[in-house]
Amino acid sequence: MDANVLLEVFAGTLNPDPQISKASEARLTDLKQTPGFVGACLDVIGNLANCLPQQRGVVTAMAIYFKNIIIRYWSSKEDEPNNSIIDHDEKPIIRERILRIMVDADFIIKRQLIPLLRKIIGETSGLRDWPQLLNETGYLLQQVPNEETLAGLLADPNNTNNHHRIWSPLYVGLVSFSEFCRLYRWKNNTERANELDPIIIQVFPHLLNVGNLIVENPVLITELTSEMVKLILKCYKFVTYFDLPVVLQSRDALFTWGEFHGKIINIQTPPYILNDGSSSEQNKNLLEFSKCLKWSVLNMHKLFEKHASKVKKHGEFLKIFMKEFIPHLIPNYLSVIEAWCQGTKWLPNLALFSLLQTFSVCVLNKLTWLMLQPHYETLLHHLIFPLVCPTDEVLETFEVDPQEYIRLNYDIFEDFAAPDEAALGLLATCIRKRKGCLTTAIQFVYEILTELQKQPETLESVKKKEGCLRIVGTIAPEVTLPNSAYLDQMEPFLANLIYPNLNSSYQFLRARTLQVANRFDELDYKDEKCLSLLFSGILAPFKEKPTVTANKGQAEAQAEEEAPSLPVLLEAALCVKAYIHQDQFRELLGGMILAVMSKLLELSNEIDNDEVSIVMQECVKQYSTQLQPFGIDLMTKSVENFMRLVREIYAASLASYDDDYDDQNIKIVSAMEVLNMIITVLKSFEHLSEVLAKLEEVFMPAIEFVLVYDIDDLVAEVLDLIENNIFIAKAVSPNMWTAFQWIVKNFRDGVAFLYLDEWTPTIEAYIAFGQDQFALGSPELSQGLQFIITSILTGDDLDVGYVDIIYGYEIALYYLLAVRESSRRRAEVDVASVLRVTMASYKQLAEDKYHPLKLWFFVHLHNVILAGLVADFESTVGVLEEANYLQLFFDQWLSQCLKLKRVFDLKLSIMGMITLLTRAEILLPMLPKNYLLCLPLMFAQLVGKVPHALSEFERKQKMLNDVSNTYQTDDELLFNNYKYTDFDEEEDVDFEDEDTDPKSQNNSTINNDGATEYIDFLKIEQEKLKQYETDNNDNEEDDDDDLDQETFSVTPIDNLDILQITRAYLETFQTGNAEGYNQFLQSMTEEESQLLIVTLTTNQ
């Protein structure tokens, strides 16, 4: 392929003329299918040095395109579309040339090719596909600049191009070797020792020499050499991540590598960072030098945490690490922290966080605590306290972007690698685990707050108060314990030094004070002045701006005049929830409840936070009579506002031109906000059924307009409103059944297929709470639902995809379960029709060889079939026979059912088992005998899994409720559940597939030979399904994890006690057919029959 043609086409794609760029993109798509295209791109990229200056941008674009092709198509199978883009014969050529091309490429292109190299090495099977990789990498690693070259670098440190040229071979070698080491990240020593240990012995000493060469010459420190050191650290990380190689457990290896890590954290900060006054700390954290410092600490931290604590596994290593190495490491870290505290050393946040994280682990170990204990007070005064005082950047965020401030302070998953949070985590660990630390902390904040109280309120003094309050909030759980020596002293401490800050002229301090007050809600207050000060401070943000009276102090007057910021309002709302059960506060709150509710509604529209809704619900419970007129009036005004907006939106959509696009978007966003307010009001009155009925009448016109006139921008919010209304009422009202007909209309018009994921939960809510109406009510309801199922599963709409079919299966499943009692089902409920469209969709998807079906897909499919068997056994068996799927269903279902973990799946499979065991005589002519012989064995094991599944479900539900009902700040979470986490900005965490629990497999001898043979067959089928999933899972998803994800939505079988149903079935079986019952138990192993009996007798 002509290189000039390629350059011309890529240049055309960058042309600002849309016609030229579009034509060039079309031509590029055609060229991509041409054999030799990838190789031609590689030729051009490799010939960069001979390109004209104006062509360099084009070659860079080509390199990006080339990288994307390799990443996307390198693993393509022969029978997949576009597999010819990378010809099989081209792969060895690419492997052979890629390292040399990276060496010669400029730094921009080199960076683009690194992900490509990672992909190729990652797909290498034990170097079988790339036998020369280590030889080529080893050669590049040897390209260390000689003394003369180094002297030139030292003499001209600002010549960036020269630096890149000289270091390029070694840099590429380090990139390649680090990617090679990545292959062993998740392997233990047994699996990798023969391959990896000889390589470590040969290469790692050289890596140390290279690293020390750079680290010991500060003038050489640039972003490029910092990244090279980081790559060396990553090599060490990868090989020690899952297991510690034996060759790195020796004293010599530990000290040489440990000293290297210690040198890095002591490197002088290069001038290009110190002299850069324009970059923020956040941007400096992204520098390679910062990452280098981080990994120098984190590697040692993880070495201690993952390996040195495992005494039995690495006993000798533990002794060396703890008794010889740690006494050198901890003083080194303390000296680094001392220099930072004195302002003589700069540390990036990532490194500072990692150091604090390491200190927290040291507190938990007796030996390391003895090293840290003498420095605890110094660390508190000069490290922890300065870190928890707010910076100017934080205060600017508070003022300019309060939503962002709330997100950073309350989102537990956001910016968790912040040094201030790690500092509080260290403090929390100290006071909880080590005696005397709490006393020191209390005395420290008392002395500072007492001194600050004597001084005028300035920004600097208030920053220090804020830091003290964060410490007080952190120690609150300890000092409020019933046996705490400080419990009786806390009320005067709060009254004199903490709560007066509720009148501060600085809003961020008022917000923090309210947060501290929230932590002391269980304190037995006795001082009326203290309570008056506290309660007035909580309620002040909800009041209208008052007229400032003459007898008010300047600070108090300014505090009252200023409108409360969002963080202050949020903290006040949380305090309302905390103190609403106290009689005195509840009386004060009742006098201004309408104003409080109005502010809470405003707050709920400003921030995305469920806790505000919970506070409103609590207020409605306490003041339902007072708030009834308020709720209805507010709902009426909100709906009127919404109807005005939605009519304008609809009118604009009918216009033939759109000259005010921004205005239209503003109206749509405003309408969404009003709908969210409507939902918030609805949730607030969920305990007052008479009010809910009135509210429903008010908001019905909003639902009708959106669904009837297809206002698709607002459909999601309206469906959310319907779902919430049904869930709160625990029933489907006549108004909601009218809305269901509008939903069916959207499916008949084809509109719903655009966003099926938004319609499905609402439809499932209808089925869960309106199942009697579908079984016995108006025929139109059942027919409408069956139309929805059919249109999703067999329709020709192009918007229906693989995931949408899963949604269709879920709806079909819920429907069949809702109408499962056939004696109460009308003729309009056609189970066979639902099963036919289900099997038709499966057949269509099974024939698509380019989109292999996942294991999770079969779980949904089999659940629909099981629901069909429970609802109408004969019809379902007949449909399976028609589709030639009966025997295949048994093979697939029984091979995977022991992997089921969710309560819902276990319930449904047991219900299906009971149905099959009861009606087994119908299946005898259709299936080999051994298929039915294994049912009792599977039945016993499934029943045995139920108690654990139920307890896990309750635990997860409790965790979910705790998260919903307990709104904790980062500070609280650090105290209650401080975690040590690996933050790797470059990598995704991979998880190995879980093996099936050996206890859940039938490994014992079974008397019935037919059942034994079939069980063995099922094991083979289960392995096939595992391999099937592995072979076709490009995204490395773990279906075992999917099988473990509980559904917390309401289902038609939630109220079924499956163990009670099982007991009833067995009792009926035993009473009606004692001989058959005995044969049933004898067909199991002793272990399985015992499991069944114990489960049913101990879980009553």
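Against which helices do the buried residues of H4 pack? In this predicted model, they pack against helix H1 (3–13), helix H2 (18–32), helix H3 (37–46), helix H5 (90–104) and helix H6 (107–122). Helix H4 covers residues 56–73 and has 18 residues. From its first C-alpha to its last, helix H4 reaches 25 Å, close to the 26 Å expected at 1.5 Å a residue. Its buried residues are Val58, Val59, Thr60, Met62, Ala63, Phe66, Lys67, Ile69, Ile70 and Tyr73.

The structure holds 51 aromatic pairs. One of them, Phe727 with Phe769, is edge-to-face, with 6.1 Å centre to centre and 80 degrees between the planes. Phe727 belongs to helix H36 (residues 715–729) and Phe769 to helix H38 (residues 756–769), so the pair ties together parts that are 42 residues apart in sequence. Phe727 is partly exposed, at a relative accessible area of 41%, and Lys730 lies over its face at 4.2 Å from the ring centre.

Trp737 and Phe740 also form an edge-to-face pair, at 5.9 Å centre to centre and 85 degrees between the planes. These two residues are three apart in helix H37 (residues 734–748), which means that about one helical turn separates them. Trp737 is buried, with a relative accessible area of 12%, and Phe740 is buried at 0%. Arg748 lies over the face of Phe787, at 4.2 Å from the ring centre. Elsewhere, one aromatic cluster is formed by Phe177, Phe180, Tyr184, Phe204, Tyr236, Trp257 and Phe260.

Ser909, in helix H46 (residues 903–918), is buried, with a relative accessible area of 1%. Its side chain makes a polar contact with the side chain of Trp893 at 3.3 Å. Beyond four places away in sequence, Ser909 touches Leu866, Trp893, Leu900 and Leu942.

Technical notes: Residues numbered from 1 in each chain as written. Predicted model: local features only at pLDDT ≥ 70, side-chain atom pairs only at ≥ 80, totals over all residues. Heavy atoms only, no water. Helix = DSSP H or I, 4+ residues; strand = E, 2+ residues; numbered from the N terminus. Expected span 1.5 Å × (residues − 1). Buried < 20%, exposed > 50% of the residue type's maximum accessible area, 1.4 Å probe, protein only. Contact = heavy atoms within 4.5 Å. Polar contact = N/O pair within 3.5 Å; in protein donor to acceptor, adjacent residues only side chain to side chain. Phe/Tyr/Trp six-rings, centres within 6.5 Å; stacked < 30°, edge-to-face > 60°. Lys NZ or Arg CZ within 6 Å of the ring centre and 35° of its normal.
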